[in-house]
Amino acid sequence: MSSNTDFLLAIEDLTVSFDGFKAVDSLNLYIEKDELRVIIGPNGAGKTTVLDMICGKTRPTGGSIKFKNQELVGMAEHRIVHEGVGRKFQTPSIYENLTVFENLEVSYPKGRTVLGCVRFKRTPDVLERIHKIAEEIALQDYLDVEGAFLSHGQKQWLEIGMLLMQEPELVMLDEPVAGMSPPEREQTAALIKRICKGRCIIVIEHDMDFVSRIAHKVTVLHLGKILAEGSMEEIRNNPKVVDVYLGH
Amino acid sequence: MKNVYSRIFGGKHNITSLVLLALLLLVVLPASLDIFRLNMVGKYLTYAFVALGLVMLWGKAGVLSLGQGVFFGLGGYCMAMFLKLEASDPISTKIQSTPGIPDFMDWNQITHLPAFWVPFKSLPFSLLAVFVVPTVVAFIVGLAMFKRRVGGVYFAVITQALALILSLGIDSRQGYTGGRNGITDLKTMWGWDIRTHHAQYILYFATAILLLISILFSQWLLSGKTGKMLLAMRDREDRVRFSGYDVSMFKVATFCFAAALSGLGGALFVLQVGFISPSLVGIVPSIEMVIFAAVGGRSSLYGAVYGTLLVNTGKSLFSETFPQLWLFAMGGLFIAVVVLFPDGLAGVFDLARKKLGPLIEKWRSKPIPVGLPGTVNGDQP
């Protein structure tokens, strides 16, 4: 077993192969507390697969993922969430038949067992949290609207809000601004900057303007391996990265 | 406390539904039917418990089980075993070679009561078993299936197989279970003769009231966070999982709840009808129960009761005249409901309310309704 580290998330030698194809190949990735890391790379580089393995959706073929020095590989998905990992999916995953309020309420980290759920009550604490988060994601006027009637951008924000309800220490956002208008992108960048205080965030994104606005550090994945890692400036000027991804 | 009441009775619309159903079951039917027909309605109502469980499991949680007859049967057998033991006292069975054991055991050369029958001498144990046995079986099956994320068609097929296994199992162990004939000649419960008309009236009302209580309890569950969780799970199971919930346990719990309701229905069936046999446990009754729920509207608690009553009334009227055709009619009905009215009676009712509601309003608000030009069909308040 690998040694303990000071990193919040330490990924070592992580490998997964689908029918012999190595989607992620001996990946090492270390992320510190309070860091905002952006992962970029061409399609099929294995970005989403890495997030899938961290949150337990995909089982790695080998390697280790340590979160607060605790091994996540082999842990059930809901336990990983209990440890403090939150994940937003690429396509907005909200409950279309529930209202914004109920979407947030269901994400509140109490009453997660069957009996706890039956006994769950809307206490003032819950209400306060829901209103606070709704304001944070600019949906305070939409609390009674069903998820299905939100715009695409609002759905994305709602899903981020649902993650925030869980108070995770690690937030993983898979293409949070996909399909958003430029003003919405700006608002999302501001939102991500606000919420990154006191927690660590991993973002997968293609929009380079957006990346340069939020990233502390950028990791470039290519063919399941790390091609480069560093500040936005370093990445932009890295000839290998320019070659495979950023292009001309 | 106000909150609790509003959760149980759930809004004006639901109170109306409750009052209507209560009036129908507790006043209209007992006043208009003779005891023979009322007893038949009571029998149908015991199926409605299963349909209610299916609304929770299939309609709300999105898990279709084709083996709910198993739990109905288990509940029924638990009740029947107690009643059979009480009916087999040494005096009334003194002509047997071993007096004091059920007659079918004696016919099968069994000379002492099998160990698993002994606890059923106690009424409290048997009543508890009516709920516990189906729940435990559902828990084990549910855990094995849902933890491995078996769902959808596969789950339906496996529950169907379970129904076949149980009915064949009961059938083949005649000495222990009464075999194909089932457990018959049930007489008294703690000395109270359940065969009299008086007892049948009481049992009918007990069934109707327990059914109403079950509806209210289900409504209470659905109105809270549990209802939202079930909806969320049906909507986006993955999101629920990654919000920190063990989705499989919620499915297991719903399956257990549906099983317990079915068990209660089975016990009430035995009390009213006076026997139980493997033909009530197997595949056909299990699928019929699904049809009841589908016809009534698989996500409507009240719909399930009306669906059960309607299909069964149709069945008894139709099969009295055309016994051969009934199964075809039933199959046709099921296909028609699934294709044309996926939300069953409840869906048709909601649609009618939505379409006719404004019309009625308009008609009411007209100052002088002079010479209504051909009243709209069914537009009677």
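Two residues are in contact if their C-beta atoms, placed from the backbone, lie within 7 Å. By that rule, and leaving aside neighbours within four places in sequence, Ala304(B) is in contact with Ala48(B), Ala51(B), Leu52(B), Leu54(B), Val55(B), Phe292(B), Ala293(B) and Gly296(B).

The model is predicted, so local features need pLDDT of at least 70 and side-chain atom pairs count only at pLDDT 80 or more, while totals for chains, interfaces and linings use all residues. Residues are numbered from 1 along each chain as its sequence is written, and chains are lettered from A and ligands numbered from 1 in the order in which they are written.

Start with chain A. It has 10 helices and 10 strands; helices (H or I, at least four residues) and strands (E, at least two) are DSSP runs, numbered from the N terminus. The radius of gyration of chain A is 18 Å, close to the 18 Å that the globule rule gives for 248 residues, so chain A is as compact as a globular protein of that length. This radius is taken over C-alpha atoms, and the rule is 2.2 Å times the number of residues to the power 0.38. Along the principal axes, the C-alpha trace of chain A spans about 55 × 45 × 35 Å. Of its 248 residues, 47% are buried. A residue is buried if 20 or more other C-beta atoms lie within 10 Å of its own, exposed if 12 or fewer, and partly exposed in between.

One residue to look at is Val203(A), in strand S8 (residues 200-204) of chain A. Val203(A) counts as buried because 24 other C-beta atoms lie within 10 Å. Not counting residues up to four places away in sequence, Val203(A) touches Val38(A), Leu173(A), Pro176(A), Ile192(A) and Ile214(A). Val203(A) and Ile214(A) are 11 residues apart in sequence, and their C-alpha atoms are 9.4 Å apart.

Next comes helix H5 (residues 124-136) of chain A. Its 13 residues should span 18 Å at 1.5 Å a residue, and its end C-alpha atoms are 18 Å apart, which agrees; the expected span is 1.5 Å times one less than the number of residues. The buried residues of H5(A) are Ile130(A), Ile133(A) and Ala134(A). They cover an arc of only 105° around the axis, so they are on the same side of H5(A); the arc is that of the directions from the helix axis to the C-beta atoms. An α-helix has 3.6 residues a turn, so residues three or four places apart point the same way. On the other side of H5(A), Pro124(A), Asp125(A), Glu128(A) and Glu135(A) are exposed. The cover over the buried residues of H5(A) includes H3 and helix H6 (152-165) of chain A. Just after H5(A), Ala138(A) takes a positive phi of about 60°.

Where chains A and B touch, the contact takes 23 residues from chain A and 21 residues from chain B. On the side of chain A, helices H2 (77-83), H3 (100-106) and H4 (114-119) each give two or more residues. H2(A) gives the most, with 4 residues.

Chain B has 16 helices and 2 strands. Of its 381 residues, 42% count as buried. The C-alpha atoms of chain B fill a box of roughly 85 × 55 × 50 Å, taken along the principal axes.
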